[in-house]
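User: I have just opened this entry and would like a guided introduction. May I put some questions to you?

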Amino acid sequence: MASTFRYLTHPQVLIDPSVLVPDWGLSQTGLKRALAFKKSAVLQDTKSVFSSGERKARETADVLASEIGVEVVIRERTHENDRSATGFLKPSEFETIADQFFAKPYESVRGWEKAVDAQSRIIQETEQIFRDAPEGDILMVGHGGVGTLLLCYFSGHDIDRKYDQVGGGGNLFALDLETRRVVHSWVPMERV
């Protein structure tokens with residue numbers, strides 16, 4: 001039986017405009033979802049857990065890794081697309097800029113990291129994870145933007161926001177490690 005790579009986006013966060021976005025932690029809702037997911041049967045063959053260095057991803061990974069009985073391996077370069085040029089944006093403005101990020105992948109929109117650069121980075125890091133991980137299923141906890149860029153790559157699609165997760169965080173996609181084919185696209189963690 002082939003091993004599976006699962007990419008999970010962190011669930012809901014506590015939004016605080018006075019705190020840098022990479023330092024946001026999980027909200028109570030996000031934490032409850034992570035705690036519920038740790039009992040999921042899909043994690044039973046997971047032998048390694050990797051995470052972005054951002055707090056919200058680390059908190060999610062810590063909950064899941066403690067249940068599985070493995071240490072979380074932090075991969076700093078799997079962070080979300082760099083949006084530090086704008087800092088916190090109100091939700092409506094953020095969505096507009098995010099639409100442009102995906103629609104113009106070769107341009108830096110308002111100083112954000114280009115989508116093609118973020119995609120190249122997350123692909124390189126993921127391929128290194130495949131080489132570093134022990135045999136067995138792999139769980140990577142990360143972010144919606146770079147996760148969507150990764151899903152586009154493995155699905156053979158051009159960068160397009162129509163492949164983005166629905167409903168915010170706490171979704172995952174799965175990849176067969178032997179064939180590098182997508183087993184399923186974004187699914188809420190409660191429905192796997």
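User: Which residue is the bridge partner of Thr9 in β4?
Analyst: The bridge partner of Thr9 is Gly142. Please keep in mind that this is a predicted model.

User: How many bridges join β1 to β4, and in which sense do the two strands run?
Analyst: Strand β1 (residues 4-9) is joined to β4 by five bridges, and the two run parallel.

User: And how do β2 and β4 pair?
Analyst: Strand β2 (residues 46-51) pairs with β4 in the parallel sense, over five bridges. Within this pairing, Thr46 stands opposite Asp137, and Phe50 stands opposite Met140.

User: In what order do the strands of the sheet come?
Analyst: The order is β3-β2-β4-β1-β5-β6. These six strands form an open sheet with mixed pairing. The edges are held by β3 (72-74) and β6 (181-188); each has a single partner strand, so one side of each is left without a neighbour in the sheet. From one strand to the next, the twist averages 20°.

User: Which strands does α4 touch?
Analyst: Helix α4 packs on the sheet and touches β1, β2, β4 and β5 (171-176). Its direction makes about 150° with that of β4.

User: Back to β4, then. Are its residues buried or exposed?
Analyst: Strand β4 (residues 137-142) is mostly covered, with six of its six residues buried. Asp137, Leu139 and Val141 point one way, while Ile138, Met140 and Gly142 point the other way. In a regular strand, side chains alternate between the two faces of the sheet.

User: Now the helices. At what angle do α4 and α5 cross?
Analyst: The axes of α4 (residues 115-132) and α5 (residues 144-155) cross at roughly 75° and come within 9 Å. The two helices are therefore roughly perpendicular to each other.

User: What classes of residue make up that contact?
Analyst: The contact of α4 with α5 has 11 nonpolar, two polar and two charged residues. Those in α4 include Ile122, Ile123 and Phe130, and among those in α5 are Leu149, Leu150 and Tyr153.

User: What lies 3.0 Å from a polar atom of its side chain?
Analyst: That is the backbone oxygen of Gly169. Leaving aside neighbours within four places in sequence, Arg33 is also in contact with Pro11, Gln12, Gly170, Met189 and Glu190.

Terms used. Residues numbered from 1 in each chain as written. Predicted model: local features only at pLDDT ≥ 70, side-chain atom pairs only at ≥ 80, totals over all residues. Heavy atoms only, no water. Polar contact = N/O pair within 3.5 Å; in protein donor to acceptor, adjacent residues only side chain to side chain. Contact = heavy atoms within 4.5 Å. Axes fitted to C-alpha atoms, helices over the stretch in contact; angles between N-to-C directions. Helix = DSSP H or I, 4+ residues; strand = E, 2+ residues; numbered from the N terminus. Parallel < 35°, antiparallel > 145°, perpendicular 65-115°, else oblique. Nonpolar A, V, L, I, M, F, W, Y, C, P; charged D, E, K, R; others polar. Buried < 20%, exposed > 50% of the residue type's maximum accessible area, 1.4 Å probe, protein only. Pairing = 2+ DSSP bridges.
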